Amino acid sequence: EMGTSVRLRRTLDLSNYLSPETHAVFVRMGTREAWGLLYGFSLAALPQTGPKTPAYRPGPAPRAGAVRYGFGQTSPDESALKFIRKAGIHVFHWPNPLQNQGEIPERALFNARIADAREAIAAVHAQGAAALLELSPCSGGGNADKRTQLFDFCDRRWKDYGDYFGSAPEDALSMTQRDADGTPRRYRHGDQQGYHLCVNSPSVRQYTMGLIRMGLEAGADGNVIEGLRVETGNCYCEWCRFRFIEWLGDTYGAVDLKTKLGITDVRSVVPPTKPDAPLRVAWRGFAAWSLADFIDAMKSYGESLNPNYILTARFGLPNGEPFSSLRSRALDLEQWSASQDVVFAESRYGTGPRTEAGVRVSNSSEYRYLAAASRGKAFTFLEPAPATDSPRGRSALARLAIAESVASGGSRPCNGLAPEAQRATAAYHAFLKRRESVLTRLRPWSPVRIWASLQQAYHRVATFPMPCSRYLADRHIPHLMITDRDILEDDLGQVEA
């Protein structure tokens, strides 16, 4: 048992961050609690000094029915700023100029990058919008053998940013997700390559919190977490193994562990590697919980620096439904939405409204699910709208896409619109802004509900709420979706038998 504690401390030295009072708790609580303590203090390891107070405060995040969202692929230029103002965008995000998959400059050059970020953020504020910067905590670019990008940063420059990131890991590979045999997980996207990082790694959390603090010191209002995932739906790194044991004890308790899972000593549990293993459902649940816990921890940290901190995490609906994302990457929007201020979802390109083999395909099912899973939070859905070369058609389709989103209780984020679509969007947003007090009070209602159960996905049971929704929509039958939480909380309202 002591070997476990020593190994953890050798992997990540937190001795400088443990107060005398904390050390007493560490000694008294023993080995299992030692892991919890060390893990918890990795979250508090950074100096808790607040950022410089920015001149602009957006206040609370927009309410459901009132969000007008935009984003860009680069820092906003004059054209983007003009559109933000004209379209009444009040939440805008773009890639984080302070880092890119582990690439952070020498400390001597960092002040210039902070100054550039502060200038861009101030320009967005001047248009009346909150400024959010992207974070990619699960992507570590570079090659471990050649020591490039994240590996070069950990080897040579992490120590120079100790005031932001705390102690450096012994090796950046300790931050990676792992296969069951311990192999670090790689990725390749076009000409980019690197490793999937694990949100249960204390170093990943320290690094992410440091980036949050950097952005807030530059005047940003919050962050958008990009690429959050547990690749293949599970991770076997040392951090996940330890936290899984802790999570089992906290989730089930001793009685349920014995009666439901046959576990008498939770410390002896080994994560399952086979799909039919007894703990397979719990293992999937832990992976999804890990991502939600990470979002919650980052939200809490951001709020400790700025009470009005805004956080969202991009959620993918690649196949027009939430179940494949849960199975393949442990994404559970129903858990995520509890800690988010604005829910940001995205469909796969090419899956938007179209006609295929004589069948009309729309976004209505996705919107209904997002409305149910967002827990009353404002949500925005990036769905590919139909394309056209007709200027008049671009204007009409832009208005139609916004109308569809608003009718579903959400919004459609603006990005890369053609001039005709920009003008139509600005005019429609002005119309919506004048009626904001009405839209924020409206809630969709129908006596017909479709149960979209993620619990079925956790158990690998086939479930088809999206086709059912499409069937009803084609027959002009109004309906909504409900989730497992609605069933468990008996919050069905006036649902007729």
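Where is the place of Arg147? Arg147 sits in the loop between E4 and helix H5 (150–157).

**Whole model**

Show everything first. This is a predicted model. The protein has 497 residues, and 53% of them count as buried. Its secondary structure amounts to 18 helices and 14 strands. Colour the surface by element: the accessible surface is about 22,400 Å², with 53% of this belonging to carbon and sulfur atoms. Among contacts between residues at least 6 apart in sequence, 75% join residues at least 24 apart.

**A three-stranded sheet**

Next, select E4, E5 and E6. These strands form an open sheet in the order E4-E6-E5, and the pairing is antiparallel. Strand E4 (139–141) and strand E5 (186–189) are the edge strands, each pairing on one side only. Viewed with direction ignored, neighbouring strands of this sheet are turned by 40 degrees against each other on average.

Now keep E5 and strand E6 (residues 192–196) on screen. The two pair in the antiparallel sense over four bridges.

**Arg147**

Phi of Arg147 is near 60 degrees, a positive value in a residue other than glycine. Most residues other than glycine have a negative phi. Is Arg147 buried or partly exposed? Arg147 counts as partly exposed because its relative accessibility is 24%, and buried would require under 20%.

Select helix H12 (residues 364–373). How many of the ten residues of H12 are buried? Eight are, and the helix is mostly covered. The buried residues of H12 are Ser364, Ser365, Glu366, Tyr367, Tyr369, Leu370, Ala372 and Ala373. Step just past H12 to Arg375, where phi is again positive, at about 60 degrees.

**Arg460**

For the last stop, which loop holds Arg460? Arg460 lies in the loop between helix H16 (454–458) and helix H17 (465–474). Arg460 is not a glycine, yet its phi is positive, at about 60 degrees. With a relative accessible area of 47%, Arg460 is partly exposed, since exposed would require over 50%.

Definitions and conventions: Residues are numbered from 1 along each chain as its sequence is written. This is a predicted model: local features need pLDDT of at least 70, side-chain atom pairs count only at pLDDT 80 or more; totals for chains, interfaces and linings use all residues. Side-chain values use heavy atoms; hydrogens and water are left out. Two strands pair if DSSP finds at least two bridges between them. Axes are lines fitted to C-alpha atoms, for helices over the stretch in contact, and angles run from 0 to 180 degrees between N-to-C directions. Buried means under 20% relative accessible area, exposed over 50%, partly exposed in between (1.4 Å probe, protein chains only). Contact means heavy atoms within 4.5 Å. Accessible areas come from the Shrake-Rupley method with a 1.4 Å probe; for residues, only the protein chains shown count as cover.
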